[in-house]
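Student: Could you show me how to read the sheets, contacts and domains of a protein model? I would like to go through one with you.

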Amino acid sequence: MLDAIKFYQTGSKTVGNRLLNPSMRSNQASESRPNTLISGHRACQGCGEALGARYAIDAAMRATNGQLMIANATGCLEVFSTPYPESAWRLPWIHSLFGNAAAVGSGLAVAARVRAKKAGNTNVPRVIAQGGDGGTTDIGFGPLSGMFERNDDVLYICYDNGAYMNTGVQRSSATPPAARTATTQLVGSEPGADWGKGKNVPLIAMAHGIPYVATASVADLRDLEYKVQKAMSYHGARYIQILVPCPLGWGCASSSTVTVARLAMETGFYPIFEAEYGKVTSVRKITQKQPVINFLKLQRRYAHLTGKKGDPKVLARIQAMCDENIKSFGLIGDEVPETVPVAIQALERNQTV
Amino acid sequence: MLKQIEGSLGIAEAVALCRPGAVCAYPISPQTHIVENVGKFVKEGKLQDCEFVNVESEFSAMSVSIGASAGGVRTYTATASQGLLYMVEGIYNASGLGLPIVMTVASRAIGAPINIWNDHSDSLSQRDSGWLQLFCESNQDALDTHIMAFKIAEEVGLPVMVCMDGFVLTHAFERLDIPSQEQIDSFLPEYQPKEFLDPKEPISMGAMVGPEAFTELRFLIQRKMEKALDVIERVTKEYRELTGHHSGGLLDCYRCEDAELKLIILGSSVGTAKDEVDRLRDQGIKVGIISLKSYRPFPYAKLREAIGDCKKVVCLERSFSYGARGIICPEVKRAMEGTDCDIRTTVAGLGGRAIFGSTINKIVHASLEGKLKDEITWIDMDTKLLNSYLKDAEGVTVPEDALVDDSVLKATVGHA
Amino acid sequence: MLQIRLHGRGGQGVVTAAEMLSLSAFLEGHFAQAFPSFGSERTGAPVVAYARIDNKEIRTHEPILEPDAVVVQDRTLLTALDVFAGISDQGFAIINSAEAPEQIVPELCERLPKGHVLTVPATDFAMQKIGRPLPGAPMIAALAAATGVFKLESVQKSFQSRYPGKVGDANAETAALAYEFIMNVKNGGQNA
């Protein structure tokens, strides 16, 4: 995916738009952009989810020639996009419940097929189901697994910000260890979220043997668009999990959403990869490895680790987690892992500090 | 066409005649035979342009139904008991979204203790869900009601629960007259959704609504329910003319002319009661039955008319509201407000305890002999069994073979 | 109205037998009803099923407490529960056994009219023709022979429509054996 160009912008190792050939440039504001999630919605400043959704859905709109419908789980994305009597969605969109987006998506896909067949139409609208990490990894997990298992023709997108932000930053099974949330308070001998809890839904999705699974980040929108487009080239169940920093929940500056997301990639904290039919097929390599402290120190949810009172053992443990990710997913070097990486939670559970 | 088949198969045939585009369900007794058969019809091509989805839970069964209905196809599912409760969040959502889903509830008790047998506590627990709830007397009635349900749902713009007694009807092998496909095609034309998700005309469904409009949206659902009273009657009339089957309706009266006592009953016990009422009438006892078909919307005016100037009404309830009393009785009282009609209720047939003709006989005699002293009487209580617990646990007993009513209840807890 | 109660064990096709009984009556233009005792019984546990036959619509759905006929598909139930509870004084009892009724239910033989308590080696017939201990078809064929309410041909047709092909035909053959067996007894022949 990455262009061969090596003219990085000074000091950042990022490739600016101007240095890419026009076909490769992102079209943030082009006239032809579908603008499916249009301006005027009520997301917070610097909302990673709004950014991720805008790019993901527009990419899917392009890939499907506008023949797209969305089932949205309850959560920030739903709340900020459809305050009665307005809607920021310029495509068919339904919100039903918190935990059922995947199943509603399956139902929409059935309806689309049946209606198209009856009308003798071969152009069947495609379906995306989407939700936050709470709606995906916790309350919606059963319906999600059911949709995967049946290989229903739905792309499920999880906007992962690592907690229940809509209800006021409570811990989900996607909350990383040691992170502060409203339900993993900074009290006791091990402040923040417990170690050895949580689940790795991309790896679980792969274990269903579905055609396509990927992780992505709002720090690499080109990669995100590419993955959504690729996902839409498959039929059957697909899963993309996008890291979307939440300035409010993470306690980072609204202006640093992309920076924090990038550091999550560059530290190995959040491996970005894609898998087809249960096998990892590509990995987004770290371009300039950074210590995890650089990621943590931008966020108040980790302030207890990065300040003077921070426990170096916990920091070392998070660093070890990142190093293990780098090794397991092959985030550095030219290789793609031969075997399915092990969920990082295994390392946590297998280790006592 | 006459067939001697299981009730569940009859319902499956009825559903297939309605040409749904999406059917999904999760196994739970006693509903399973229905969807097994529908699934088979889809697989063998008897039911075309329809997809059958084997989901992983009732929650998803309702959710896939919501998606399919929002996507613009006629949608059917079925459940019972725990399954119904497991999908409750979706049940309320479907009515809020105005999706005309039709669902069979093969009525069954709710645990704990787990109990697979028939009563009405599952369906009645959903009385405030915004679904129409239509009860069926017999398998023929259930078969016909399912077909009418699609038409009613689509016209009213609300989902419909067809409540048929689990096992007693679903597993009974009886004679059924199944209408032809041509008849049903003329009665129920191809589904034309009023509103659905379509890339050609994008809409957003299920937006968040705040205090500024929520009350009004609730009122609009109540308005649909009010409209449904007429729709049910009209659709029933049309269906009866088409098929000659005396099914459906808001309620149905049996031997109510000159009746001095009218029983209000829901579901399959109506048939059992009819036989008993014939015997009682032969003995000169003037008793009639009002079979309550539509529980939601509740036909207050129609019921008041059906009760007329009869001074004695007894409900037979196969459900109960803890800490309160019967569930049906207060509705009947509301219908008869301002009259001097004496309305009592009896609880029987919970968790599959059979309702016999003799049960009906007992209720009628208890009523006529003035033995139904309180508003509510537990009619078929095994007082011996009850005492075996009460005596050991609390050192109290109830009189054996007594009708258990409020006075007995209060006596056992020391407030006589 | 003729009310029949069928007793057997899970796996012996008791519920199917009741259904086929109702189907047989239906095929002859009667109204009929069959329903199981709605349990969650597993294989081998006692199972009860009911059937009604009438010439007008059957409205009641109560279980049958006072049967006009009792069909016992498994004779080991005789000592386990009161299978003949409530049987009418003019009732019929058909028991799956190779022994004479007087030997296994002498009291019942005294209480009911002569020729109303009958045994038929239904399992033996089933083993001969079906190769599995499924006594449903011969038992209801025996009931048909004993009561004359419906015909052997209807019993055969019921099973053949439920199980098209070899299984249905084998059931039809066992039904014929049982029917002839009872007719022979009724005509003064010796019971096995």
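**Reading sheets and contacts**

Tutor: V23(B) stands opposite Y76(B) in strand 4 of chain B. Before we go on, note that this is a predicted model, in which local features need pLDDT of at least 70, side-chain atom pairs count only at pLDDT 80 or more, and totals for chains, interfaces and linings use all residues. Residues are numbered from 1 along each chain as its sequence is written, while chains are lettered from A and ligands numbered from 1 in the order in which they are written.

Student: What do strand 2 and strand 4 of chain B do over two bridges?

Tutor: First, the terms: helices (H or I, at least four residues) and strands (E, at least two) are DSSP runs, numbered from the N terminus. Two strands pair if DSSP finds at least two bridges between them. Here, strand 2 (residues 22-25) and strand 4 (residues 75-79) of chain B pair in the parallel sense over two bridges.

Student: Which order do the strands take in the open sheet of seven strands?

Tutor: In chain B the order is 3-2-4-5-7-6-13, with mixed pairing. Strand 3 (51-54) and strand 13 (294-296) of chain B each have a single partner strand, so one side of each is left without a neighbour in the sheet. From one strand to the next, the twist averages 20 degrees.

Student: Which helix packs on the sheet and touches strand 2, strand 3 and strand 4 of chain B?

Tutor: For contact, the C-beta atoms of two residues, placed from the backbone, must lie within 7 Å. For angles, axes are lines fitted to C-alpha atoms, for helices over the stretch in contact, and the values run from 0 to 180 degrees between N-to-C directions. The helix you want is helix 3 (residues 58-70) of chain B, whose direction makes about 165 degrees with that of strand 4 of chain B. Helix 7 (residues 139-156) of chain B also packs on the sheet, touching strand 5 (102-107), strand 6 (132-135) and strand 7 (160-165) of chain B, and makes about 170 degrees with strand 7 of chain B.

Student: Which chains share the most contacts?

Tutor: Two pairs of chains are in contact, and chains A and B share the most contacts. Chain A and chain C do not touch, with their nearest C-alpha atoms 28 Å apart.

Student: How many residues does the contact take from chain A and from chain B?

Tutor: The contact takes 39 residues from chain A and 37 residues from chain B. Helix 3 of chain A gives the most to the side of chain A that touches chain B, with 14 residues.

Student: Which domains is chain B divided into?

Tutor: Domain bounds come from an automatic or database domain assignment. Chain B is divided into domain 1 (2-243), domain 2 (251-379) and domain 3 (381-416). The centres of domain 2 and domain 3 of chain B, taken over C-alpha atoms, are separated by 25 Å.
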